[in-house]
Amino acid sequence: MHVTVKAAAKINLMLDIIERLENGYHSLWMVMQSVNLYDTITAERTGTGEICLSCTDARLPADETNLAFQAAQTFFEATGVSNDGISIAIDKKIPFAAGLAGGSADAAATLLALDRLYGTNLKQRTLNKIGLTLGADVPFCLQGGTMLAQHIGELLTPVPELPDCWIVLAKPAQGISTAQAYHLCDTAPHLRAPDKRGMLNALLAEDLNGAARLVGNVFEQVIDVPERVAIKALMREYGALGCCMSGSGPTVFGLFDAQQAAKDCAEKLKTIVPDVFACRPVEEGCIVTEE
């Protein structure tokens, strides 16, 4: 028996840092959106008593440092289920170290796959609680859609869906250290807060143009991504309603109301950055496709 789960990438329509907490984490205010760029995770019981992980991208570790591997370990520890051996295969499409929650999506999909494989029938709240121990984005990746995520990511509130549109993702080659990004925010003399109320009002009004104009990410004020200015200029040239960096970067996304403009923009962006995708918003984070 095996279970296959599609795990969606996410973008941050808005990201604000409220404060640094005593435990070193940060209290955040984020509007998060799933997009139809997927990793596919297939889990199967093997009877070997071991966790075996494989990935189509050889650059990613296939050991206990991989979040999917850690998710399997955590599942067995949290549920008390005996590990009779599983194999986890990741078909990797979401760029890693991109601000798109690829690792968190894989961890979320692994938890959901094992819940189905072992018939534990965990409640969403329980899956989210287990997921949070793996990473702040994992609870959102389990549920997906359009969500207001607060504190360290565990407080999820559904908000009106982003109106249907086309989303172009452009990931520069340069990686970003998340820890360094937070450090730069902590030491910055002043960060301009994005218009959080305006974003919620635009979503409530199903106003794509309004939401696109208000996309914002405080990390952009402290992180230097050399290609970002050129990416945004090109996106605007092709009619992007708004563009912004996702997470701690370096991926930049643009929102479009015209499919052809998005596709043309994506083709042009491929000449300046290595990873470019044209996507749509979706309503789920993890989707079981086969069991």
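Predicted model: local features only at pLDDT ≥ 70, side-chain atom pairs only at ≥ 80, totals over all residues.
Colleague: Let's start with the charges; how many salt bridges does a search of the whole structure find?

Modeller: The search finds eleven salt bridges across the whole structure. One of them pairs the side chains of arginine 20 and aspartate 186, with N to O at 3.2 Å.

Colleague: Where do arginine 20 and aspartate 186 lie?

Modeller: Arginine 20 belongs to strand S1 and aspartate 186 to helix H5, which covers residues 178–187, so the bridge ties together parts that are 166 residues apart in sequence.

Colleague: And is arginine 20 buried or exposed?

Modeller: Arginine 20 is exposed, because its relative accessible area is 51% and the cut-off for that class is over 50%. Aspartate 186, at 35% relative accessibility, counts as partly exposed.

Colleague: What does lysine 92 form a salt bridge with?

Modeller: Its partner is aspartate 106, and the closest N and O atoms of the two are 3.0 Å apart. Lysine 92 sits in the loop between strand S4 (86–91) and helix H2 (102–118), while aspartate 106 is in helix H2 itself, so this pair ties together parts that are 14 residues apart in sequence.

Colleague: Are those two residues, lysine 92 and aspartate 106, buried or exposed?

Modeller: Both lysine 92 and aspartate 106 are buried.

Colleague: What about aspartate 164, which side chain does that one meet in a salt bridge?

Modeller: Aspartate 164 meets the side chain of arginine 280, with an N to O distance of 2.5 Å. This pair links distant parts of the chain, 116 residues apart, with aspartate 164 in the loop between strand S6 (155–158) and strand S7 (166–171) and arginine 280 in the loop between strand S11 (275–279) and strand S12 (286–290). Arginine 280 is partly exposed, its relative accessible area being 27%.

Colleague: Changing topic, what volume does the largest pocket have?

Modeller: The volume of the largest pocket is about 1000 Å³. Its lining is made up of 41 residues, and those nearest the centre are Ser104, Gly135, Ala136, Asp137 and Thr178.

Colleague: Which elements give two or more residues to that lining?

Modeller: Those elements are S1, strand S2 (26–45), helix H1 (67–79), H2 and H5. H2 gives the most to the lining of the largest pocket, contributing four residues.

Colleague: And what is the lining like by class?

Modeller: The lining of the largest pocket has 23 nonpolar residues, 14 polar ones and four charged ones.

Colleague: I was looking at asparagine 12; where does that residue lie, and is it buried or exposed?

Modeller: Asparagine 12 lies in strand S1, residues 2–20, and counts as buried because its relative accessible area is 1%, the cut-off for buried being under 20%.

Colleague: What does the side chain of asparagine 12 reach?

Modeller: The side chain of asparagine 12 reaches the backbone nitrogen of glycine 247 at a distance of 2.8 Å. Beyond neighbours within four places in sequence, the contacts of asparagine 12 include Met30, Val31, Met32, Gly99 and Phe253.

Colleague: There is an asparagine 66 too, so where is that one?

Modeller: Asparagine 66 is in the loop between strand S3 (51–55) and H1, and at 8% relative accessibility counts as buried. Not counting residues up to four places away in sequence, asparagine 66 touches Leu53, Pro61 and Ile90.

Colleague: Last topic, the glycines; what does glycine 285 touch?

Modeller: Leaving out residues up to four places away in sequence, glycine 285 touches Lys6, Ala7, Ala8, Ser34, Cys141, Gln143, Gly144 and Gly145. Glycine 285 is placed in the loop between S11 and S12, and at 2% relative accessibility counts as buried. Between the C-alpha atoms of glycine 285 and alanine 108 there are 8.6 Å in space, although the two residues are 177 apart in sequence.

Colleague: Where is the place of glycine 144, then?

Modeller: Glycine 144 is in the loop between helix H4 (138–143) and strand S5 (146–151), and is buried with a relative accessible area of 5%. Apart from neighbours within four places in sequence, glycine 144 is in contact with Ser34, Glu283, Glu284 and Gly285.

How values were computed
Residues numbered from 1 in each chain as written. Heavy atoms only, no water. Buried < 20%, exposed > 50% of the residue type's maximum accessible area, 1.4 Å probe, protein only. Polar contact = N/O pair within 3.5 Å; in protein donor to acceptor, adjacent residues only side chain to side chain. Contact = heavy atoms within 4.5 Å. Salt bridge = Lys/Arg side-chain N within 4 Å of Asp/Glu carboxyl O. 1 Å grid on protein atoms, 1.4 Å probe; cavity = no way out; pocket = protein on both sides within 12 Å on 5 of 7 lines; lining within 4 Å. Points joined across faces, edges and corners; volume = space filled by probe spheres on them. Nonpolar A, V, L, I, M, F, W, Y, C, P; charged D, E, K, R; others polar.
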